[in-house]
Amino acid sequence: MMVNMSLATCLGNSSRALKVSDFPPAMVLSHRLLVVYPWTQRFFDNFGNLSSTSAIMGNPKVKAHGKKVLTSFGDAIKNMDNLKGAFAKLSELHCDKLHVDPENFRLLGNVLVIILASHFGKEFTPDMQAMWQKLVAGVATALAHKYH
Amino acid sequence: MIMEGSRGASTQRPVLGTPGSSSATTMSLTKAEKTIILSMWGKISTQADAVGTQALERLFASYPQTKTYFPHFDLRPGSAHLRTHGAKVAAALGDAVKSIDNIAGALSKLSEMHAYVLRVDPVNFKLLSHCLLVTVASHFPADFTADAHTAWDKFLSIVSCVLTEKYR
């Protein structure tokens with residue numbers, strides 16, 4: 001999926017906030033997914049205690065996973081003209097080793113959009129949302145691309 | 001309102017087969033989730049029309065294919081058509097909230113309209129639900145906790161189910 005230059009600029013600007021070290025909401029991405037869609041916990045058996053909202057919230061492996069995912073999104077923004085190429089290895093991993101249904105990538109992408117909406121409030125305009133939806137859809141497609 | 005040592009609103013299992021419970025094939029709201037929705041709706045209802053309208057703007061911006069259902073509308077942001085229709089969407093949600101123990105009953109006429117007249121493809125209900133969540137999250141960030149997110153996501157899923165249950 002080709003994403004044009006102005007999308008890159010716009011996302012680049014709003015993704016300054018995605019610098020994981022200073023974006024507190026980064027910490028809640030995976031947490032929010034696991035709480036709102038508890039069936040997604042099936043992929044995280046080795047994450048330890050996920051038995052309650054507070055357990056999920058405090059779980060360091062969940063936090064670390066959220067960071068990893070957000071770093072990937074940061075990479076996506078730098079590679080918007082070739083998402084499929086950029087995510088090829090990760091796609092193979094998610095299919096062959098992790099066995100993740102690609103529907104989960106769409107779920108996670110939409111949770112990210114909602115977290116951004118909470119964080120940016122009124123600044124997260126319909127047009128801004130539309131750009132982010134394009135990006136998360138592109139990432140989801142790229143991650144599913146190598147599935148077989 | 002998170003209960004100590006529990007998974008917040010989701011630990012209470014809804015009782016199936018009791019009056020007002022939805023069919024065994026759909027998710028039901030727990031008591032705690034209903035409380036969250038009722039109390040948040042108190043706040044949302046003061047801006048209901050704007051929330052409904054903005055959700056539609058977001059829908060048409062992010063998912064342009066949804067515009068195909070409105071060839072007769074002026075869909076530019078701020079249009080009278082959008083504001084009127086946004087208000088209608090918000091009013092319907094308000095009806096569902098007010099009859100939260102019997103959403104199917106409250107939305108029965110709307111359900112028939114969608115099945116026999118409007119025939120909006122079911123996939124689009126997820127898209128509008130998502131845009132409603134985004135709108136509420138951006139307007140009420142402090143209230144939009146993980147438990148509130150879950151409650152609203154479930155509520156909108158139930159509304160979507162009700163609106164498509166007479167399709168065939």
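Modeller: Let us begin with burial: a residue is called buried when its relative accessible area is under 20%. The model under discussion is a predicted one.

Colleague: Why is S52(A) called buried?

Modeller: The relative accessible area of S52(A) is 6%. The cut-off is under 20%, and therefore S52(A) counts as buried.

Colleague: Where does S52(A) sit in chain A?

Modeller: S52(A) belongs to the loop that runs between helix 2 (29–36) and helix 3 (53–58) of chain A. From S52(A) to V35(A) the separation is 17 residues in sequence, and their C-alpha atoms lie 8.4 Å apart in space.

Colleague: Which residues lie nearest the centre of the largest cavity?

Modeller: They are V51(B), L93(B), L132(B), V136(B) and W152(B), out of 13 lining residues. In chain B, two or more lining residues come from each of helix 1 (31–44), helix 2 (48–62), helix 3 (80–98), helix 6 (123–139) and helix 7 (146–164).

Colleague: How many residues of that lining are nonpolar, polar and charged?

Modeller: The lining of the largest cavity has twelve nonpolar residues, one polar residue and no charged residue.

Colleague: What is the volume of the largest pocket, and what lines the space?

Modeller: The largest pocket holds about 1,000 Å³ of space. Its lining has 39 residues, and E103(A), L107(A), N110(A), K126(B) and L127(B) are nearest the centre. At least two lining residues each come from helix 7 (103–120) and helix 8 (126–144) of chain A and from helix 6 and helix 7 of chain B. Helix 7 of chain A gives the largest share, nine residues. By class, the lining of the largest pocket comprises 20 nonpolar, 13 polar and six charged residues.

Colleague: How do you know that chain B and chain A are in contact?

Modeller: Contact requires heavy atoms within 4.5 Å. By that rule, 25 residues of chain B are in contact with 26 residues of chain A. The area buried between the two chains is about 2,100 Å², with 57% given by carbon and sulfur atoms.

Colleague: How many salt bridges does the rule find across this interface?

Modeller: A salt bridge needs a side-chain nitrogen of Lys or Arg within 4 Å of a carboxyl oxygen of Asp or Glu. Across the interface of chain B and chain A, the rule finds zero.

Key. Residues are numbered from 1 along each chain as its sequence is written. Chains are lettered from A and ligands numbered from 1 in the order in which they are written. This is a predicted model: local features need pLDDT of at least 70, side-chain atom pairs count only at pLDDT 80 or more; totals for chains, interfaces and linings use all residues. Side-chain values use heavy atoms; hydrogens and water are left out. On a 1 Å grid over the protein atoms alone, a cavity is a set of points where a 1.4 Å probe fits but cannot get out, and a pocket is an open set with protein on both sides within 12 Å along at least five of seven lines; lining residues have an atom within 4 Å of a point. Helices (H or I, at least four residues) and strands (E, at least two) are DSSP runs, numbered from the N terminus. Ala, Val, Leu, Ile, Met, Phe, Trp, Tyr, Cys and Pro count as nonpolar, Asp, Glu, Lys and Arg as charged, and the others, Gly among them, as polar. Grid points are joined across faces, edges and corners, and a volume is the space filled by probe spheres set on the points. Buried means under 20% relative accessible area, exposed over 50%, partly exposed in between (1.4 Å probe, protein chains only). Buried area is the accessible area (1.4 Å probe) that two parts lose on being put together, summed over both.
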